[in-house]
Amino acid sequence: MVISPSSLFIGQASPEPPEQGLNVHTRVQSNLDAKAFPEYATGMDKSPQKTAEKSARARALPDAGEMAAAIRKGNRRALARGITHVESSRADDQEFAQKLLAELLPETGNAVRIGLSGAPGVGKSTFTEALGGFLTGEGLKIAVLAVDPSSARTGGSILGDKTRMEELARNPDAFIRPSPSGGTLGGVARRTREAMLLVEAAGFDVVIVETVGVGQSETAVADMVDMFLLLLSPGGGDELQGIKRGIMELADLVVVNKADGDLLPAAKRAAIEYKTALHLMRPKTQHWTPEVQLVSAIENKGLPEIWDTVRRYEEVMRETGTLTEMRAAQSRAWMWTELREGLMAHVRTHEGAKKRLASLEGEVARGEVTPTAAARELLALVLKDG
């Protein structure tokens, strides 16, 4: 079965969030969803009246309590639309998203959160699909938040990861949500954290955050997940130069992919070199020493061992209380990140600051005013009205 990108109902942040971001198999369940949750039904009647009614429903914000109830019951249309509201930059959407998250917060925190990073071409999507298929075969529900590069023309996701995971996209126990990175450094989208909370509230057991694949800056994902998995490939020359220390020292598990065929000897050599390198680095916590494992995503080899390691890690972190401490620290850091970004957004939209900004930039460029003094003047303008 060949799936075209247009048939995947892939959602992305937009000023007017449509009903999108759906898995392929939700087409089959659309009638059931429409009966159980008519407010999220899309309908197939293309008459002008029905089209106008549908557009009006799309523009109107739904009730946060009703959407939260639908998400708790696993309704995928509600989940997809909720994530679209979360990713939107509109003020009314953001206000609604915070109400929705407040409703669902008690149901969050029960999933295993895994961050997956690696350089482009290492096989992240292939590995994610293989691991997802294995986990669903074990009776688990898996959600993949795949952060795609942003389209230079539309600003939305270019849909690369979704189209590469066709089998997993058709799996009824899996949910794949591509999100545009929006140029955000760190390999993740700004609202990935909120999206993760929504899929947890929907009852998914494992959440995989797959980064955009930009190289050394992909460290932000480590600050929002329980376990950071670094995927590497053999045969790239000097293995220790293939990935830098900054991201290596954040890894809880290093996985050497493509350990099959002619690359198997090279993969084994790379694993030995990475084990040696990890011994020279200080572990993030005294309770866990990072491990190196081989896997072949194409041949589905090594996946049970990967999952056993994840379960051992999760058990150790929970028993020692480290997981609770880590999530608390992540939440505090998240709050300060939102504060900084919110303050910057307020400075850009403040009328007095906008009027003074252009002349201040010129004065700074000419060396007439120091950058620190200019920044303090802008903050004074904003905080005075606040």
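Predicted model: local features only at pLDDT ≥ 70, side-chain atom pairs only at ≥ 80, totals over all residues.
Local features need pLDDT of at least 70, side-chain atom pairs count only at pLDDT 80 or more, and totals for chains, interfaces and linings use all residues. Residues are numbered from 1 along each chain as its sequence is written, and side-chain values use heavy atoms, with hydrogens and water left out.

Helix H11 spans residues 264–279; helices (H or I, at least four residues) and strands (E, at least two) are DSSP runs, numbered from the N terminus. The 16 residues of H11 reach 23 Å from the first C-alpha to the last, close to the 22 Å expected at 1.5 Å a residue (1.5 Å times one less than the number of residues). Buried residues of H11 are Ala-266, Ala-267, Ala-270, Ala-271, Tyr-274, Ala-277 and Leu-278. These residues lie on the same side of H11 because they cover an arc of only 140 degrees around the axis, taken from the directions from the helix axis to the C-beta atoms. Arg-269, Ile-272 and His-279 are exposed on the other side of H11. Buried means under 20% relative accessible area, exposed over 50%, and partly exposed in between (1.4 Å probe, protein chains only).

Most residues other than glycine have a negative phi. Lys-258, in the loop between strand E6 (253–256) and H11, has a positive phi near 65 degrees. Its relative accessibility is 29%, so Lys-258 counts as partly exposed. Asn-300 has a positive phi of about 55 degrees and is found in the loop between strand E7 (291–294) and helix H12 (303–319).

Trp-336 is placed in helix H13 (residues 322–349) and is partly exposed, at 49% relative accessible area.
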